[in-house]
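Please look through the structure shown here, first as a whole and then part by part. The paragraphs after it can be read with the model open beside them.

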Amino acid sequence: MSSATNHPGAFVAAPAVAETQVKTRTATVPWYIWAGVVAVTSSSIGGAWDVSWHRSIGRDTFWTPAHLAIQACGVIAAIICAWLVMKCTFGRNEAMRAASVSVLGLRAPLGVFLAGWGGVAMLTSAPFDNWWHNAYGLDVKIVSPPHTLLILGLRAVGVGVLFLILAAMNRAAEAGTNNFRSLQVLLLYVGGLMVTGQMFFLQEYTWDVELHEASAYMAMGIAVPLMFAMFWQASRFRWAATAIAVVYTIFVIGEILILPLFPAQPKLGPVFYPVTHLVPAKFPILIFVPALALDLLWQRIRGWKPWQIALISGVVFVAVLTAVEWPFANFLMSPASANRFFGTMYFDYNSRPTGFDRLREFFRPDQGIVLWMGLLRASVYAAISTWIGLSFGRWMRGVQR
């Protein structure tokens with residue numbers, strides 16, 4: 001209680017203070033944060049849908065539902081960013097101005113400038129991509145100038161929305177408002193979608209036929225512990241790693257269950273497999289198990305030095321992931337997994353009959369000293385990744401603008 005309320009002459013001001021405190025305690029999540037979450041969700045769904053479209057149909061017209069879902073993210077981001085810049089720069093709301101930064105004379109939260117650039121980049125990539133295909137023909141390549149611009153824009157929007165949520169959550173934690181939990185849930189949800197995007201870019205190393213290679217675990221050791229540690233620190237939630245891993249798992253399983261319900265036929269050749277419906281993603285990697293192990297570990301060694309936490313976390317992550325994913329990969333290669341849930345009977349239209357996936361054989365499996373040395377390297381990478389995530393996550397806890 002403030003000293004003013006203890007003073008005998010301060011009784012007149014007490015109702016106003018109490019009213020302010022009630023308003024503070026009942027704060028709600030701003031509409032633009034909800035809109036930002038919708039934008040990131042739309043891009044995630046559109047991205048997964050688009051990959052399935054290319055694996056099932058090939059390169060089609062730009063105006064596919066998947067492309068429109070992706071571009072909706074840029075449109076929503078542009079709208080909320082323009083509104084926030086106007087309010088913070090020219091409006092009279094002192095609270096919004098205080099929670100903003102200045103860039104080239106314009107004021108807005110830090111996340112707005114990141115998401116705003118991303119939205120502009122995404123919208124610019126659309127006509128650029130259409131022109132590219134008209135000039136150079138149809139293709140199904142991911143890495144092209146317009147696609148690179150689009151991916152950078154998507155990442156910028158995601159990080160921008162993440163910082164919008166983070167700043168509001170940190171302010172809520174300091175003020176003790178009741179919207180903290182809602183913002184925390186949104187932060188972890190967006191974190192889960194970011195992990196989904198992270199795992200998407202690891203597909204070249206984590207395809208089911210490559211899960212008996214040490215390179216798969218090295219790739220995940222580099223990319224995944226960073227996300228787990230960062231969100232564990234930033235979110236103030238003791239099960240944060242598990243939560244974002246579960247979001248990723250549910251999202252990918254949803255793909256497997258939903259996408260094959262829609263018919264599709266290839267429009268590009270050569271066709272080596274008769275696709276009749278949308279081809280979903282491969283079954284998700286079981287990263288929720290090492291995520292749970294890390295959450296339990298971090299709760300018990302919270303007082304250790306960061307480098308000590310990182311060192312043991314790298315070993316635990318790789319050991320637990322290998323222990324669960326290695327035998328599970330054997331199951332994925334077996335006919336028992338060829339069902340609607342695990343989805344290992346779905347193949348791209350250009351999957352050759354002699355391909356490793358069609359034959360259900362591992363591609364160059366590692367054994368002996370090569371495997372163990374590879375897993376040791378993966379543990380080192382995971383330790384470094386964890387240390388970076390812990391360090392950045394601690395910094396994120398102080399972001400309020």
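This is a predicted model: local features need pLDDT of at least 70, side-chain atom pairs count only at pLDDT 80 or more; totals for chains, interfaces and linings use all residues.

Residues are numbered from 1 along each chain as its sequence is written, and side-chain values use heavy atoms, with hydrogens and water left out.

Side chains of opposite charge can pair when their charged atoms come close. Here a salt bridge is a side-chain nitrogen of Lys or Arg within 4 Å of a carboxyl oxygen of Asp or Glu. The structure has two of them. One joins the side chains of Asp-348 and Arg-55, at 2.5 Å from N to O. Asp-348 is in the loop between H13 and helix H14 (356-359) and Arg-55 is in helix H3, so the bridge ties together parts that are 293 residues apart in sequence. Helices (H or I, at least four residues) are DSSP runs, numbered from the N terminus. Asp-348 is buried, at 17% relative accessible area, and Arg-55 is buried too, at 10%. The word buried stands for under 20% relative accessible area, exposed for over 50%, and partly exposed for values in between (1.4 Å probe, protein chains only).

The other salt bridge is formed by the side chains of Asp-208 and Lys-282, at 3.2 Å from N to O. Asp-208 sits in the loop between helix H9 (203-206) and helix H10 (214-235), and Lys-282 in the loop between helix H11 (240-258) and helix H12 (288-300), so this pair ties together parts that are 74 residues apart in sequence. Asp-208 is buried, with a relative accessible area of 6%, and Lys-282 is buried with 13%.

Rolling a probe the size of a water molecule over the atoms shows where empty space is left. On a 1 Å grid over the protein atoms alone, a cavity is a set of points where a 1.4 Å probe fits but cannot get out; a pocket is an open set with protein on both sides within 12 Å along at least five of seven lines; and lining residues have an atom within 4 Å of a point. Points are joined across faces, edges and corners, and a volume is the space filled by probe spheres set on them.

Two cavities of 30 Å³ or more are found in the whole structure. The second largest cavity has a volume of about 30 Å³, and its lining includes Asp-208 and Lys-282. The largest cavity holds about 60 Å³. Among the residues that line the largest cavity are Tyr-32, Ala-168 and Arg-171. Helix H7 gives the largest share of that lining, five residues.

Tyr-32, Ala-168 and Arg-171 are also among the residues closest to the centre of the second largest pocket, which has 20 lining residues. The volume of this pocket is about 480 Å³, and H7 again provides the largest share of the lining, five residues.

Nine residues of the patch, the largest share, come from H15. Met-373 lies in helix H15 and is partly exposed, with a relative accessible area of 43%.

Conventions
Helices (H or I, at least four residues) and strands (E, at least two) are DSSP runs, numbered from the N terminus.
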